[in-house]
Every structure is written in structure tokens, then in C-alpha cells.
Amino acid sequence: MKESDKNIEQLIDKMMAEEKLQSPSLDFTSKIMANVQILEEKKSIVYKPLISKPVWIAIGAAVALLVLYISLFSGSENNIEIDEIGKLYYNKVSTAFSGIHFSKNIFYAILIVPIMILVQVGILKNYFDKKYQL
């Protein structure tokens with residue numbers, strides 16, 4: 001086994017002595033960096049939302065119209081005049097919320113929690129934008 005290793009080593013030494021030392025071309029580094037930049041551009045990911053803004057607007061409008069229709073035209077007052085719409089709407093809203101009383105703690109929570117959620121969403125969005133920025 002040792003003799004075959006010596007023969008292989010001698011063969012490799014002979015082949016290395018016959019070969020010239022090769023050096024890269026002068027613009028080798030610039031060619032490699034150009035290829036790296038092309039690969040980085042191909043890797044950039046563009047995220048698209050699942051539901052686009054016009055669709056969200058249409059959904060919001062549909063929900064608003066549905067709520068308006070239910071609040072105005074449900075019940076026995078289907079045949080009303082245009083002047084009475086404002087009065088009817090005000091009466092329905094005021095009677096719907098007349099029995100609800102909030103304590104101070106609940107009122108503060110209703111005001112503060114959405115603000116804190118929006119702050120956290122903003123902070124997390126910035127964090128993930130910086131983390132996954134390509």
C-alpha cells in the first residue's frame with residue numbers, strides 16, 4: 001500500500017512540474033462581482049398582499065352599505081319618507097346604545113389598547129423590514 005502511495009505521489013509531482021502556474025485575467029474580479037450582483041438582484045423578493053387595496057375598499061363599502069341597510073330598513077318601518085330617515089336612524093342608534101354603561105377602566109382600555117396595538121404593529125413592521133431587507 002505504501003509503495004502505491006509513493007507511485008501516486010511521484011506521478012502527481014511529475015504532473016505538477018509539467019504544468020505552468022496559471023493566473024486569472026485582469027478583469028476576473030470585476031466579472032465575478034458582476035455575476036454576484038446579478039444573483040442578488042434575482043433573489044430580491046417582492047411581496048404582494050393577498051387582498052389588494054381596491055378589494056379592501058370594496059369589502060368596506062359593502063359592509064358599510066349592509067349595516068346602513070339593516071339599520072335603516074329593517075323592521076316595520078319599511079315605507080318611510082326621506083325626511084324621517086335621519087330621525088329614525090338617530091332613534092335606532094340611541095336606543096341600541098342607551099342601556100350600555102362603561103366604567104372608567106373599561107373606557108380607558110377601549111381607548112388605549114388600539115393605540116398600543118398600532119404602536120406594536122409599527123415597531124414589528126420596522127423590525128421585520130430591516131431583518132429581511134435584501
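How many helices and how many strands are there in the protein chain? The chain has five helices and zero strands. Helices here are DSSP runs of H or I with at least four residues, strands are runs of E with at least two, and both are numbered from the N terminus. Along the sequence the pattern reads α-α-α-α-α.

This is a predicted model, where local features need pLDDT of at least 70, side-chain atom pairs count only at pLDDT 80 or more, and totals for chains, interfaces and linings use all residues. Residues are numbered from 1 along each chain as its sequence is written, and side-chain values use heavy atoms, with hydrogens and water left out.

**Surface**

Of the 134 residues of the protein chain, 2% count as buried. Buried means under 20% relative accessible area, exposed means over 50%, and partly exposed lies in between (1.4 Å probe, protein chains only). The chain exposes about 13,300 Å². Carbon and sulfur atoms supply 66% of that area. Such areas come from the Shrake-Rupley method with a 1.4 Å probe; for residues, only the protein chains shown count as cover.

**Helix 1**

Helix 1 covers residues 2-18 and has 17 residues. From its first C-alpha to its last it reaches 25 Å, close to the 24 Å expected at 1.5 Å a residue. The expected span is 1.5 Å times one less than the number of residues. Is helix 1 largely in the open or buried? The number of its 17 residues that are buried is zero, so helix 1 lies largely in the open.

**Salt bridges**

A salt bridge is a side-chain nitrogen of Lys or Arg within 4 Å of a carboxyl oxygen of Asp or Glu. By this rule the count comes to two. One joins the side chains of Asp27 and Lys31, at 3.9 Å from N to O. Asp27 is partly exposed at 35% relative accessible area, and Lys31 is partly exposed at 49%.

Lys125 forms a salt bridge with Asp129, with the closest N and O atoms 2.9 Å apart. Why can these two meet? Lys125 and Asp129 are four residues apart in helix 5 (residues 104-131), so about one helical turn separates them. An α-helix has 3.6 residues a turn, so residues three or four places apart point the same way. Lys125 counts as exposed at 51% relative accessibility, while Asp129 is partly exposed at 40%.

**Aromatic pairs**

Rings of Phe, Tyr and Trp (its six-membered ring) pair if their centres lie within 6.5 Å; planes under 30 degrees apart count as stacked, over 60 as edge-to-face and the rest as tilted. This rule gives three aromatic pairs. The table shows two pairs, including their geometry.

| Pair | Centre to centre | Angle between planes | Type |
|---|---|---|---|
| Phe107 and Tyr108 | 6.1 Å | 55° | tilted |
| Tyr127 and Phe128 | 5.0 Å | 70° | edge-to-face |

Phe107 is partly exposed at 44% relative accessibility. Tyr108 is partly exposed too, at 45%. Tyr127 has a relative accessible area of 45% and is partly exposed. Phe128 is partly exposed at 40%. Tyr127, Phe128 and Tyr132 form one aromatic cluster.
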